[in-house]
Amino acid sequence: MYCISSDLDVDRLREEFLRSSVVQVPNFLHSQSASDIFSFLREQKEWNLSFNKLGVHTDISFSDYCGWSADQKGMLNDIVWSQAGTEFQYLYKSIPIFDFCSRGSGQDKRFMSIFQLVNSESFLSLMRSVVGDNSIAFADVQATCFDRGHFLKEHDDGVSGKNRVAAYVINLTPNWNLDWGGVLHFYGKDGGAIKGLVPTFNAVNVFKVPQKHSVSYVAPFAPKSRYSITGWLRRGEMA
């Protein structure tokens, strides 16, 4: 079982979140837990490649994509980039941990351990305290991997019927460099960036929903991928 650090200053974190609706919590997991999850994600071969196709979230097998011809990959890039120029778009790799773990379907037990971590009472009670909302009932969860050229354009996570209170991102790539991109940016009402969080290893970012944010383009010269465990803290019943 993966474990949360016992050395968190919850009062300070709550004050910061209430002041700015965003907080980054360093050294969130026990160091061995963070290292183990990072190693586990890095060894995964089966990912979805996720993007927005004309307003519809679309997943394709990344392993299948790797076998495509250069022309086929170019066609997908054309679809993604043409829409990104004027509309909402994203491109990154994902594993829908919540979807298969909540159904109890067979997967590596370490995925179930991640699911149990973010739905443990220790995690949920901490998030209720930091966010200041006792209605948080469960957390959904996915793994994400931003490779070179991946990005997530500005959006606010507000989806009717999802009952999202806040979002969380557990950053899991050691020694990430600001120059490589992959920065979580937040925006004010005038559209200007007001805060940027570098994906610091073993720090969790927590932010209120809805709130405009994006993940900046990962540079072509980035020597590694940006791994994270991410999801939403939600009201209601798990379904």
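Trainee: Where does the charged end of lysine 93 sit?

Mentor: Look for a charge placed above a ring face. In this predicted model, the charged end of lysine 93 lies over the ring of tryptophan 47, 5.5 Å from the ring centre.

Trainee: Which aromatic cluster includes Phe146?

Mentor: Phe146 belongs to one cluster with Phe88, Tyr90 and Tyr92.

Trainee: How many aromatic pairs does the structure hold?

Mentor: There are 17. Take tryptophan 81 and phenylalanine 151: 5.4 Å between centres, 20 degrees between planes. That pair is stacked, because planes under 30 degrees apart count as such.

Trainee: Which parts does that pair tie together?

Mentor: Tryptophan 81 is in helix H4, residues 70-84, and phenylalanine 151 is in strand E7, residues 151-155. The pair therefore joins parts 70 residues apart in sequence.

Trainee: Is phenylalanine 151 buried or exposed?

Mentor: Phenylalanine 151 is buried, at 6% relative accessible area. Tryptophan 81 is partly exposed, at 41%.

Trainee: What are the distance and angle between the rings of tryptophan 81 and tyrosine 217?

Mentor: Their centres are 6.0 Å apart and their planes meet at 50 degrees, so this pair is tilted. Distant parts of the chain are linked here too: tryptophan 81 in helix H4 and tyrosine 217 in the loop between strands E12 (213-215) and E13 (226-234), 136 residues apart. Tyrosine 217 is partly exposed, with 39% relative accessibility.

Conventions
Residues are numbered from 1 along each chain as its sequence is written. This is a predicted model: local features need pLDDT of at least 70, side-chain atom pairs count only at pLDDT 80 or more; totals for chains, interfaces and linings use all residues. Side-chain values use heavy atoms; hydrogens and water are left out. Rings of Phe, Tyr and Trp (its six-membered ring) pair if their centres lie within 6.5 Å; planes under 30 degrees apart count as stacked, over 60 as edge-to-face and the rest as tilted. Helices (H or I, at least four residues) and strands (E, at least two) are DSSP runs, numbered from the N terminus. Buried means under 20% relative accessible area, exposed over 50%, partly exposed in between (1.4 Å probe, protein chains only). A charge sits over a ring if NZ of Lys or CZ of Arg is within 6 Å of the ring centre and within 35 degrees of the ring normal.
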